[in-house]
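Please look at the sequence and the structure before reading on.

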Amino acid sequence: MKKILYVASRISHITNFHLPYIEQLKKNNTVHVLSQGISDINVDKIYNINFEKKINSIKNIKTIIDVKKILEQEKYDLIITNTTLASFIVRISKQISCVKNYGKLINIVHGYLFSNNTPFLKKILYILAEKMCVPSTDKIITMNKEDYHLAKKYKLCSYDITNIKGMGIPTPPSYNKEIKSKIRESFDINEHDILLTYAAELSNRKNQIYLINSMPKILNIIPNIKLILAGTGELKDYYDLEIKKNSLEDNIFLVGYISPIKELLFSSDIVISSSKSEGLPFNIMEAMSLKIPVIASNVKGHTDLIVDNYNGYLFNDEDELIEKLLHLINNKDIEALKENEYNFIQDYFLENVIDTNLNLFYEFL
């Protein structure tokens, strides 16, 4: 039996996206998880490690030392890293350890924190951080075309770079109108309201403030718009203040973490995202699988999923956002768009990607 380490900054990332893979890997291997947080997931061992969110935090030096000791003690045959911070720390820890040449390491990129449009200095800093990790990176797996080309362009792996169609979304359940009515009623959304939902961490990268700032102009043209921001994050209090400052309490709702989120997505008229960049956004894929129309910012990750005016809509600025909202609301051929998005997203279902993705892991075992 081989020994495998699965890594992410937060245990929720593991439970949300990787349990089917861990279940398969456990059949013939020993599997450990290294992350921040505790869960009852079925693995042989969980290392609960504190990751400071800021990559340059002095506290992460201790984390690197702690991870280095774990790697030297366990001598893993394969390490699979996810999320930017955890991937950086584990790869640096491996490089300074006495097992730096032992076992292989795969870095799954869920969206580089830089893109072609990132300010120069910030982009250089993130690229340098990735370049530092090249000696310990045996394979990079990306989830969108721009990240794939960035990894190739800056030679962020010496060996192999592969682009995949995500980790897979489950086949959607069948919901009925009763579920939709119940969910909308719970948020005081009536049948005449147009409900937009954005399910994401409340953060600068997810950029909910863009929608909050745009809402007064949107309401002047579409007065029956309601927006639900589902998620938690460090900007919750700030967003709450901005909503109150602009007297938007009757139109924008911060509802916190919602589970299962699919019921809310299904009950929405439109799923929206104003993110500054993405890997391959789960909320968008799930909306498409439920045949809920999508409007999203024209950024990497979104552009891999949405063909504008075919299976969804992309916007570049506030005026275009309003134009696309109006176009969608008045779209008499909306059923065709829904079929287009559902047919497109089937290739991203878990059942259609898991075997291909697992083979990328097995190559190193």
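Predicted model: local features only at pLDDT ≥ 70, side-chain atom pairs only at ≥ 80, totals over all residues.

Six strands make up an open sheet with parallel pairing, and their order is β10-β9-β8-β11-β12-β13. At the edges are β10, residues 252-256, and β13, residues 313-315, each of which pairs on one side only. On average, neighbouring strands in this sheet are turned by 25° against each other, direction ignored.

Strand β12, residues 294-297, is joined to β13 by three bridges, and these two strands run parallel. Within this stretch, S297 stands opposite F315 of β13.

Helix α8, residues 208-221, lies across β8 (194-199), β9 (225-230), β10, β11 (270-273) and β13. Relative to β9, helix α8 runs at about 170°.

**Helix contacts**

Two packed helices are described by the angle between their axes and the distance between the axes. The table gives these values for two helix pairs that both involve α4.

| Helix pair | Axes come within | Crossing angle |
|---|---|---|
| α3 (residues 59-74) and α4 (residues 84-95) | 8 Å | roughly 60° |
| α4 and α5 (residues 120-132) | 9 Å | roughly 40° |

The axes of α3 and α4 cross at roughly 60°, and the two helices are therefore oblique to each other. Their crossing is right-handed. On the α3 side the contact is made by N60, T63, I64, V67, K68 and L71, and on the α4 side by L85, I89, V90, I92, S93 and K94. By class, the residues of this contact are seven nonpolar, three polar and two charged.

For α4 and α5 the crossing is at roughly 40°, so this pair is likewise oblique. Here α4 contributes F88, R91, I92 and Q95, while α5 contributes A129, E130 and M132. The contact of α4 with α5 divides into four nonpolar, one polar and two charged residues. Residue I92 of α4 takes part in the contact with α3 and in the contact with α5.

**Salt bridges**

How many salt bridges does the count come to? The count comes to 21 salt bridges. One of them pairs K45 with E74, whose closest N and O atoms are 2.9 Å apart. This pair links distant parts of the chain, since K45 lies in strand β3 (residues 45-48) and E74 in helix α3, 29 residues apart.

Notes
Residues numbered from 1 in each chain as written. Heavy atoms only, no water. Pairing = 2+ DSSP bridges. Helix = DSSP H or I, 4+ residues; strand = E, 2+ residues; numbered from the N terminus. Axes fitted to C-alpha atoms, helices over the stretch in contact; angles between N-to-C directions. Contact = heavy atoms within 4.5 Å. Parallel < 35°, antiparallel > 145°, perpendicular 65-115°, else oblique. Left-handed = near helix turned anticlockwise from the far one by under 90°. Nonpolar A, V, L, I, M, F, W, Y, C, P; charged D, E, K, R; others polar. Salt bridge = Lys/Arg side-chain N within 4 Å of Asp/Glu carboxyl O.
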